[in-house]
There are 2 protein chains.
Amino acid sequence: MFEEPESLDHLVQRIARQAREASYGVAVAKTEHKNAVLSRLATLIESSAEDLGAANEKDLAVGREQGLSKALLDRLALTPERIASMAEGVRQVASLPDPVGTEIGQLKPDSGIDIRKVRVPIGVVGIIYESRPNVTVDCAALCLKSGNACILRGGREAFHSNQALAALVRQALEEEGMDSNAVQLIPTTDRTALGFLLKQDQYVHCIVPRGGEGLIRYVVENSNIPVIKHFEGICSLYLDSEADLQMAREIAVNAKCQRPGVCNAIENLVVHRSFAAAHLAEIAQALANEGVELRADVEAGAILHRAGIGYRTAAEEDWSTEYLDLILSIRVVSSADEAISFINRYGSQHSDSIITTNEATARRFLRAVDSSTVYWNASTRFTDGYEFGLGAEIGISTDRLHARGPMGLEELCTYKYEVHGKGEVRK
Amino acid sequence: MFEEPESLDHLVQRIARQAREASYGVAVAKTEHKNAVLSRLATLIESSAEDLGAANEKDLAVGREQGLSKALLDRLALTPERIASMAEGVRQVASLPDPVGTEIGQLKPDSGIDIRKVRVPIGVVGIIYESRPNVTVDCAALCLKSGNACILRGGREAFHSNQALAALVRQALEEEGMDSNAVQLIPTTDRTALGFLLKQDQYVHCIVPRGGEGLIRYVVENSNIPVIKHFEGICSLYLDSEADLQMAREIAVNAKCQRPGVCNAIENLVVHRSFAAAHLAEIAQALANEGVELRADVEAGAILHRAGIGYRTAAEEDWSTEYLDLILSIRVVSSADEAISFINRYGSQHSDSIITTNEATARRFLRAVDSSTVYWNASTRFTDGYEFGLGAEIGISTDRLHARGPMGLEELCTYKYEVHGKGEVRK
């Protein structure tokens, strides 16, 4: 006698159903109970550093064999420092305020019923991610703290590392007497399994894909479950005719160079004609000194040429390219309104900034630029859960519904209405 | 010489692109400007009553020819009273506060930047609906007031009525100098066109389907755009062991009978064993007196049988059926926790109520029942935008993300972060 092995679609459906069943308990778990699980998880991570390193070594060996790039192997590696910092991250999440149960609104209609809008967990959240194994722990901690059950589906490259980390999360849940199905890792990186997961809208309430554009596209096109996307950032800095020169230069250099490989670094520098005539050469020189390759439109190019600064002529696709590198496109405009139209057309509605001393121009820009975060006289690099004071983030949403911009614990919640009556009936 | 007719996919894409272009203007339009459009629209509707009646008569004639049911023909009809009430509805939307631009949060991180969370329109909203033509005007008015452009796709049965109404909306926009592409009606009810619309995620930010389950399923399965669903309501009333008898009876009758064909009417009556033994007969008799057909589990059936009250035995599927009719299922449970589990399992997370004088039991129920609106000692029939004091609603969301429960002007908005700095750069 033998049992039939469970088919992939049944396996995924069972995981989803188990997550939903576990979600009712996590949703009403006390703050101290959730924090106890997180605290135990941090301890387990620290005491399992050696085993985690061994599991990670298996992934690294496969990666080396398959010729993964050095950058990818680096993202994959769980060094002792990274393991310690994962544990620290979990303790930080434990120290954050519990978002669940907060009253966020009140309505008092004529009928006499008393309506309270209360923050509650979303329910079951699916996280789809790629190579970095720390995402397993970060997302599990954030989902747990916000009262959600989660289903994790990590990348192929980190398979063994993710398995080892997820096992520790489940051990922490069990040891603290919480349903360990509150955190489940899909035990295969087969894309067919991902496809099945995306159809479990009966049990799963939200999918957060974190990864490259190909993965996100696949998820959007195949999911029956609402998706909160984390796409690219094509961010712009606009230097107005009334910009302060020193501020403009410092912010341009910071927004491009401080960490060029991230989504809130700028890809376009948009410059008012009069400011460009007077100061673009100086700003471009400061950028070139930091090793930035410049791609200029005809007008900016003429200014750079006269100043003897090297540049390439920008092509149409440059205006909507996320370089994630020390490359910057420069465009001259004749007004703030032209800058606004340019940014709304070519940008990705992520983070954009204006440098100006004119408050009326600034307010128009802040209102009309259709991006999740719009800055006046500050670097775009601040778009980040930690910098916003959210404590931690599951990502930066490029969607407009539910969560826009940095997505922390509150954005992992929805709300319900609790209504207190005294026997009221509808007339 | 002749022009090639525009293909359906090009037509739909052009409409979507035009809506996105118009959306930038509507998003920053002044409150008075939007209200002027609405006020003119109300006047136009009133002065065009005869033309609207004629267009509607064409739809009714086709409907009669095709043998539409009397109920469907009634939903389709634009009587003079309904035309007047549409105009009144538009004036009411004009009188509501403008949700756009309200500051809904503030963050002051250590870096010194000043972050304001500000309510802004979603952008472009697609509304997919079925037979009732007044939806054309209601949704156009709500989208406009909340600063959104909208694309309307009405049902086949109301084709001529919808065309006539949409033309009036566009006339009002034009006469008040606003881009008339802010409101566009897809000029065909071909499902292929709907399929193309659901792929325009480059231009359209949100789809709200209002209609039967088949339509909503189609939309969810084919859309790349986030969907806010308006599904059915399988609502329950739980009579606790400590319920007040008179309140229990009045609310049971109100929640089932006041208007049985709507989503917030109850389909299940869940009764604690001790309360059932003492009072179920009296409550069932009150319901039967209103013409309600009762479907009982074995235990409730025995009580009804002894009291000589007619009933059928409930089948498993009864517990999750939205009757939309004078039919009610009755289930006996042994505890409030069993009631909570029953409701979470069989309900549709819409509106559920507990009748009890025990505050601890009520608070447990309010917290643990995973529905968008949970009542204590009140009828479920209050789940409605007007009853909540939102002024108007585009529907009742059965989704958990972004909007949950009644969806009014605020729920047609998202937010952005406006950041004021003094030259801050990221360290």
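I take a crossing as right-handed if the near helix is turned clockwise from the far one by less than a right angle. The model I examined is predicted.

**Entry 1. Helices H2 and H7 of chain A**

I recorded the crossing of H2(A) and H7(A) as right-handed. I then listed the residues in contact: H2(A) contributes A:Val37, A:Arg40, A:Leu41, A:Leu44 and A:Ile45, while H7(A) contributes A:Leu168, A:Val169, A:Gln171, A:Ala172, A:Leu173 and A:Glu175. Sorted by class, this contact of H2(A) with H7(A) holds 8 nonpolar, 1 polar and 2 charged residues.

**Entry 2. The annotated span**

I consulted the UniProt record, in which an unreviewed entry assigns "domain: Aldehyde dehydrogenase" to residues 11–306 of chain A. In the model, I find the end C-alpha atoms of residues 11–306 of chain A 66 Å apart. The span is 54% helix and 16% strand.

**Entry 3. Helices H13 and H14 of chain A**

I next examined helix H13 (residues 336–346) and helix H14 (residues 359–368) of chain A, which pack at an angle of about 20 degrees with their axes 10 Å apart. H13(A) is therefore roughly parallel to H14(A), an angle under 35 degrees being counted in that way. H13(A) passes H14(A) in a right-handed crossing. On the H13(A) side I noted A:Ala336, A:Asp337, A:Ile340, A:Ile343 and A:Asn344, and on the H14(A) side A:Thr361, A:Arg364, A:Phe365 and A:Ala368. The residues of this contact of H13(A) with H14(A) comprise 5 nonpolar, 2 polar and 2 charged.

I also checked H13(A) against the strands of chain A. H13(A) lies across strand S7 (235–239), strand S8 (266–272), strand S11 (327–333) and strand S12 (351–355) of chain A, and runs at about 140 degrees to S11(A).

**Entry 4. A sheet from S10(A) to S1(B)**

I traced an open sheet of 10 strands in the order S10(A)-S9(A)-S11(A)-S8(A)-S7(A)-S12(A)-S13(A)-S16(B)-S2(B)-S1(B), with mixed pairing. Strand S10 (312–313) of chain A and strand S1 (103–107) of chain B stand at the edges with a single partner strand each, so one side of each has no neighbour in the sheet. At the chain B end, S1(B) and strand S2 (residues 114–121) of chain B run antiparallel and are joined by 4 bridges. I looked up one bridge there: B:Gly105 has B:Lys117 in S2(B) as its partner.

**Entry 5. A sheet from S1(A) to S10(B)**

I traced another open sheet of 10 strands, in the order S1(A)-S2(A)-S16(A)-S13(B)-S12(B)-S7(B)-S8(B)-S11(B)-S9(B)-S10(B), again with mixed pairing. Its edge strands are strand S1 (103–107) of chain A and strand S10 (312–313) of chain B, each of which pairs on one side only. Within the chain B part, strand S9 (residues 293–296) and strand S11 (residues 327–333) pair in the parallel sense over 4 bridges. The bridge partner I found for B:Arg295 is B:Ser329 in S11(B).

I then looked at helices lying across these strands. Helix H10 (residues 245–257) of chain B lies across strand S16 (413–424) of chain A as well as S7, S8, S11, S12 and S13 of chain B, at about 160 degrees to S8(B). Helix H11 (residues 273–289) of chain B lies across S7, S8, S9 and S11 of chain B, at about 145 degrees to S8(B).

**Entry 6. Helices H5 and H6 of chain B**

Last, I looked up helix H5 (residues 80–95) and helix H6 (residues 134–145) of chain B, whose axes come within 10 Å and cross at roughly 10 degrees. H5(B) and H6(B) are therefore roughly parallel to each other. B:Met86, B:Val90, B:Val93, B:Ala94 and B:Ser95 of H5(B) meet B:Asn134, B:Val137, B:Ala141, B:Leu142 and B:Lys145 of H6(B). I classed the residues of the contact of H5(B) with H6(B) as 7 nonpolar, 2 polar and 1 charged.

Terms used
Residues numbered from 1 in each chain as written. Chains lettered and ligands numbered in written order. Predicted model: local features only at pLDDT ≥ 70, side-chain atom pairs only at ≥ 80, totals over all residues. Heavy atoms only, no water. Axes fitted to C-alpha atoms, helices over the stretch in contact; angles between N-to-C directions. Helix = DSSP H or I, 4+ residues; strand = E, 2+ residues; numbered from the N terminus. Parallel < 35°, antiparallel > 145°, perpendicular 65-115°, else oblique. Contact = heavy atoms within 4.5 Å. Nonpolar A, V, L, I, M, F, W, Y, C, P; charged D, E, K, R; others polar. Pairing = 2+ DSSP bridges. UniProt positions renumbered as here; feature names shortened; annotations may be inferred.
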